[in-house]
Amino acid sequence: MEDCLARKMEITVSEAEKRTGRNAVNMQETYTAYLIETRAVESQSEGQCAPVDSLWRRYSEFELLRNYLSVTYPHIVVPPLPEKRADFVWHKLSADNMDPDFVERRRIGLENFLLRVASHPVLCQDKIFYSFLTQEGGWKEMVNETGFQLKADSRLKALNATFRVKNPDKRFTELKHYSDELQSVISHLLRVRARVADRLYGVYKVHGNYGRVFSEWSAIEKEMGDGLQSAGHHMDVYAASIDDILEEEEHYADQLKEYLFYAEALRAVCRKHELMQYDLEMAAQDLTSKKQQCEELATGTVRTFSLKGMTSKLFGQETPEQREAKIKVLEEQIQEGEEQLKSKNLESRDFVKSAWTDIERFKEQKNHDLKEALISYAVMQISMCKKGIQVWTNAKECFSKM
Amino acid sequence: DTSLAEVNSFSSSMPISPSSMINQYKFEDEPELRDLFITVDDPESHITAIETFITYRVVTKTSRGEFDSSEYEVRRRYQDFLWLKSKLEEAHPTLIIPPLPEKFIMKGMVERFSDEFIETRRKALHKFLNRIADHPTLTFNEDFKIFLTAQAWELSSHKKQGPGLLSRMGQTVRAVASSVRGGVKNRPEMFTEMNDYMETFSQKINVLDKIAHRIYKEEREYFNEMKEYGPIHTLWSASEEDIADSLKGVASCIDKCCKATEKRMAGLLENLLPILHEYVLYTEILMGVLKRRDQIQGELDSKVDALANKKTEKDLFSEEIGKLEDKVECANNALKADWDRWKQNMQCDMRSTFTNVADSNLHYYEECLATWESFLASQTVDLHVEEDSEDRP
């Protein structure tokens, strides 16, 4: 953590602005741009505040950055971006991307993303990431020049494709299973939370109806009038209080959502390992069959059934020269294959080692963050209860004076 | 009433404790001064060839001299309550007779003979009789006494003795006739004020009734969603190690809050909803009472008008008018006194009911607060332990 960027640089996504422009097919579009501000953290003794650098980026650029990081560091659990579209909404929240509350929450999510990357021991050192923060023009071209898209394995895009791996790594299998469970349980939780929020909103708001009726009723009462009127006022306060309460809870939901998306990132690492393992097994299998072919040609025995063997039996044997040529080609291929297999094995071992380091780091981060989130949820509930007690204590006093 | 093919007993046959009765009826009579205690409980269904109906046990405990015994136990059905109410209205046209629960609920929320319906009705019937018992005039009504004390066959025969169908019809005809002539013309200011008041009050109480039902419905929907919320956290804890305890803690808190919500809901159902409903019914009764007073006034007014056109038999008329004037004065006084009494009771009922609602909410929030605070304490203890262990090299 000592060398990570977050220690050396203050990063904020401080503003969001609506823009209009022309897209790739020259059609007018509206989008939101986010202002990224960075400032070098000076040591205390200097006393001076460094100047703030800033540049504007839109969501699609963040996406490009993340894709680049995912492909370039396949063994890293790459921090997720906030959701593209509003999901798990309850009725009061808008599902509109242009809604100011949604934009605000996305701004916070993007800032959080940058801070996560900046405090990651490996990712923070990436030059493209640094340029994303500091270089306004030409960044897109720089990223594309890295050619990372070529490295991206299109097979990974097929989310449900399974690679039949003969000797799966048990740890990765368990981890993939865990990431699936985590995704499932968090999304279930978020769905129910949204419904609970909706209902809670209903309970509070209906109490607001008391206010007007009490007020109108108090007009025809002599002794009861004052008590009714003031009680009605407190009911209005009660009804209004739910807006802030649920706004705060939305931030808690966002914290959970981050880990919902983190689960996907975790799963991606497992998939990449799976693919790597698959390729390794395929390469080993290929090498074995080539070796076998070579042996058969050399000794003249056919151990396994092959179409070539059959056709040669039907249409006559090859000449010794032809056979020699074939053996030579095969021997070359076998040599190549063995080198490739060796390097693939090394690659795989390195991947597993560094992936597992990052996974351990991620686990600790996850446990810490989620525990804090649960605590903050409790704090929110406590605050809500205290507000409720205050309002109803006041209302009770008014009622008792009726 | 007498041929019982089958008798089923319901489980909700708990007798009401005297202390809860005292809480319900904080009228001007102090509990120590009450000499008549009535409970309605133990609903039983009776199935005959012709009909199915329910009887309720009515237990009366009294120290009054007019009663031969100090304790009575009878069974009454809804019809009998209706009979009692109409007799009281007959005898005291300008007194405010307490409301009876409706014949059946139209809303379709509850079936005719469901446990919920029967229990709601039982409570309302209990209230009805107790309100009569607390009324300074109605409590001494003879039909009331017979209702409380007579055995089934005695009551039947007594019912048949009442004024015949024809005379009751005659009364209705006269009532309709006089209502055509009004009685509004010479209505004292006080009663116009009462009328205006009742119109507004009726509007407001109906809206309040609707609001209360809405709140109950929303709280119930909230409760239903909450029931699912806690268990998800427990499910999640199964795939975690480090944070399993925190997750289980949250699950437990949510479940406790869920139960607290259920209690709050039950409080509304038991307390606020029945009272508001009773007062919705009261508004009709009060409008009716005001109308009947107007009718009595109308009788007087029409006779006075008729007298103005008469040349002979003036003396006879004057005597009749004198009687009617007395009647009007009695009616007015009775109504005025009962109105004041009703308003006081209403104020008292509303004060205590809404205070109860506030209390119920306070208990709810206090319980939830305690739950979450205790969870928070457990978590921060863990954090301190963790921090301490991190400091060690």
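Select W342(B). It touches I96(B), Y197(B), M198(B), F201(B), Y279(B), Y282(B) and L286(B), leaving aside residues up to four places away in sequence. Contact here means heavy atoms within 4.5 Å.

Before moving on, note that this is a predicted model, where local features need pLDDT of at least 70, side-chain atom pairs count only at pLDDT 80 or more, and totals for chains, interfaces and linings use all residues. Residues are numbered from 1 along each chain as its sequence is written, chains are lettered from A and ligands numbered from 1 in the order in which they are written, and side-chain values use heavy atoms, with hydrogens and water left out.

**Stop 1: the cores**

Together with W342(B), they have the most contacts inside the largest nonpolar core, a set of 119 residues. Such a core joins buried Ala, Val, Leu, Ile, Met, Phe, Trp, Tyr and Cys residues through side-chain atoms within 4.5 Å. Buried means under 20% relative accessible area, exposed over 50%, partly exposed in between (1.4 Å probe, protein chains only).

Colour the helices next. In chain A, α7 (170–218), α8 (225–299) and α10 (320–400) each supply at least two residues of this core, and so do α7 (189–237), α8 (244–309) and α9 (314–391) of chain B. Helices (H or I, at least four residues) and strands (E, at least two) are DSSP runs, numbered from the N terminus. The largest share, 21 residues, comes from α10(A).

**Stop 2: where the chains meet**

Show both chains. The contact takes 54 residues from chain B and 53 residues from chain A. The area buried between them is about 5,300 Å², and carbon and sulfur atoms give 74% of it. Buried area is the accessible area (1.4 Å probe) that two parts lose on being put together, summed over both.

Pick out Y229(B), W236(B) and Y365(B). In chain B, these lose the most area to chain A, together 14% of what that side buries.

Next, zoom to E240(B) and K366(A). They form a salt bridge, with the closest N and O atoms 2.6 Å apart. The term means a side-chain nitrogen of Lys or Arg within 4 Å of a carboxyl oxygen of Asp or Glu. The count between chain B and chain A is 7 salt bridges.

Which helix gives the largest share of the side of chain B that touches chain A? Select α9(B): 24 residues come from it.

**Stop 3: inside chain B**

Colour chain B by domain: domain 1 (33–144) and domain 2 (195–392). These bounds come from an automatic or database domain assignment. Their C-alpha centres lie 22 Å apart. The contact takes 19 residues from domain 1 of chain B and 22 residues from domain 2 of chain B. About 1,700 Å² is buried between the two domains, with carbon and sulfur atoms giving 58%.

Find E278(B) and R131(B). They form a salt bridge, the closest N and O atoms being 2.6 Å apart. The count between the two domains is 3 salt bridges.

**Last stop: a helix in chain A**

Select α4 (residues 127–134) of chain A. Here I128(A), F129(A), S131(A), F132(A) and L133(A) are buried.
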